[in-house]
Amino acid sequence: MLSMLNSLFTRIGSFDSPEDASVNSMTLFVVLVLSCVVIGHLLEESRWMTESVIALLIGLLSGTIILLTTKGKSSRILVFSEELFFIYLLPPIIFNAGFQVKKKQFFKNFMAIILYGVIGSMMSFVIISLGSIQLLKGLDIGILDLGDYFALGAVFSATDSVCTLQVLNQEETPLLYSLVFGEGVVNDATSVVLFNAIQRFDLSHITSVNILQFFGNFLYLFLFSTFLGVGVGLISAYIIKKLCFARHSTDREIALMLLMAYLSYMLAELVNLSGILTVFFCGIAMSHYTWHNVSDCSKVTSRHAFATFSFVSEIFIFLYVGMDALDIEKWKFASKSPWTLVGASGMLLGLVLLGRAAFVFPLSSIANLFRKSNTEKITFKQQVVIWWAGLMRGAVSVALAYNKFTRSGHTQLPGNAIMITSTIIVVLLTNVVGGLLTKPLMRLLLNPPRHSGISTDSDSLPSKRLTLPLLSSGHDSESNVDIGNVVVCICHPPEEAEERCNGSSSSPTSGDSTTTEDCWD
């Protein structure tokens, strides 16, 4: 592995043609993704490391090596593309988040999630925007107009729901996971909508009518994006139920689910709605309706397939962010005024801390007013964890910053270069420091129960029933699998699958100790 990496790094700096450059770059990137998977597995039980931190650190190390092998010409093997991020990498992550989410917890805490994700994001947006106007103007950054400062507010109000998935555990802290993760998805959608609205908003003529139109447009995008996602999810359930794809192949069922989910995202983007919000609620609708109409094999396969796509996309994003942190082009401009860069990064980080604290604690108190039982109220210690876990900024912030301050991944203006490098510094600090300290902070404040894996020793099992969270039945409570029984998956021929569609076939059973489940193939 090391010799392969050394050979690839050497070839990166000495390729002869664009074709060779593309092949070498993609080969190296695949090897680095594999390295992240292997190292992440070896450090699975670490109290400090998460997959995102590992990918960031490997990206930094790889960027350093590439920088040395190319003699300071480049630290990246790929140029950042907003199309790659928003169209190919982000949809699988958000869809899987909606597909795997515990719906009971999510909708039980829906009021608090909306308060954090919508009202809180707007409060953070206003604080960061106004703070940037007041603080950054004192630095010698360059020419930044009013739209740039408001764009910074949208960029840094976007939390990193991807890293939240890896830091918090859905089984150990279901309330915190539901709140922080649900807020993260809604927050990402809110930030993107705010960012796009700012680009179209005429800041030279701000009136009360324009402000009302701005918020009315936001409400329209939020509601119609949600309805579109739910609608596509329901249509997919109807098609699979009526056409009974399982009579021929389970592959078609999974392909239909994948393509319908992706269609919801692209339709939302086509009609200028929020693709993030649409594909998230499409995932929720599919897990509640479509998933129950597919064969048993497809139920298991679909959950693992969607989780795998999401996992690889997450690693890809953080690996690239780590590499791009050493991009020599932007650092050449920023290095001319290092103290300006340090000051801008510190001010933006301080505004992120302040902006999040300004809404987490007040809105938590408001959310507690709607919670009747004291056991359901969000305690102060939980509020501290919510504040800290939501500080992490990630790929959405980087993508929005590139959208505003670069052209095709490149920048030639000193002010824009400082904004990009400041964004990357804040992303690295919040992810590395936040990712490393969130687990110890939770153990210090909350002391959550350890989630143990499945034991193969029957004597060590506490009871005859065991929880399998991933292979759940789609209900909010996990599937209960009787340990005394053996689950066998039988793939039936198309003829029997057609009988099942007509309602004339039932699942066969064999013996008392063996439960037979049908995988109609």
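Is D148 buried or exposed? D148 is buried, because its relative accessible area is 11%; buried means under 20% relative accessible area, exposed over 50%, and partly exposed in between, with a 1.4 Å probe and protein chains only. This is a predicted model: local features need pLDDT of at least 70, side-chain atom pairs count only at pLDDT 80 or more, and totals for chains, interfaces and linings use all residues. Residues are numbered from 1 along each chain as its sequence is written, and side-chain values use heavy atoms, leaving out hydrogens and water.

**Salt bridges**

- Side chains of opposite charge can pair when their charged atoms come close.
- The whole structure holds 4 salt bridges (a side-chain nitrogen of Lys or Arg within 4 Å of a carboxyl oxygen of Asp or Glu).
- One of them joins D148 to K404, with the closest N and O atoms 3.5 Å apart.
- This pair links distant parts of the chain: D148 sits in helix α7 (residues 146-156) and K404 in helix α17 (residues 395-405), 256 residues apart.
- Helices here are DSSP runs (H or I, at least four residues), as are strands (E, at least two), numbered from the N terminus.
- K108 pairs with E376, and their closest N and O atoms are 3.9 Å apart.
- K108 lies in helix α5 (residues 103-108) and E376 in the loop between α15 (338-369) and α16 (380-389), so the pair ties together parts 268 residues apart in sequence.
- E376 counts as partly exposed because its relative accessibility is 31%.
- D296 and K299 also form a salt bridge, at 4.0 Å from N to O.
- D296 and K299 are 3 residues apart in helix α13 (residues 296-324), so about one helical turn separates them.
- K299 counts as buried, at 18% relative accessibility.

**Helix packing**

- The axes of α9 (residues 174-200) and α12 (residues 275-288) come within 8 Å and cross at roughly 145°.
- Axes are lines fitted to C-alpha atoms, for helices over the stretch in contact; angles run from 0 to 180 degrees between N-to-C directions.
- F181, V185, D188, A189 and V192 in α9 meet I276, L277 and F280 in α12 (contact means heavy atoms within 4.5 Å).
- By class, this contact of α9 with α12 has 7 nonpolar, no polar and 1 charged residues.

**Surface patch**

- V37, V38, I39, L42 and L43 form a nonpolar surface patch with about 400 Å² of accessible area together.
- L43 is placed in the loop between α2 (18-42) and α3 (51-69).
- L43 counts as partly exposed, at 33% relative accessibility.

Key:
Patch = residues over 30% accessible without salt bridge, like charges linked within 9 Å, V, L, I, M, F, W, Y side chains within 5 Å. Areas by Shrake-Rupley, 256 points an atom, 1.4 Å probe, with all protein chains shown as cover. Nonpolar A, V, L, I, M, F, W, Y, C, P; charged D, E, K, R; others polar.
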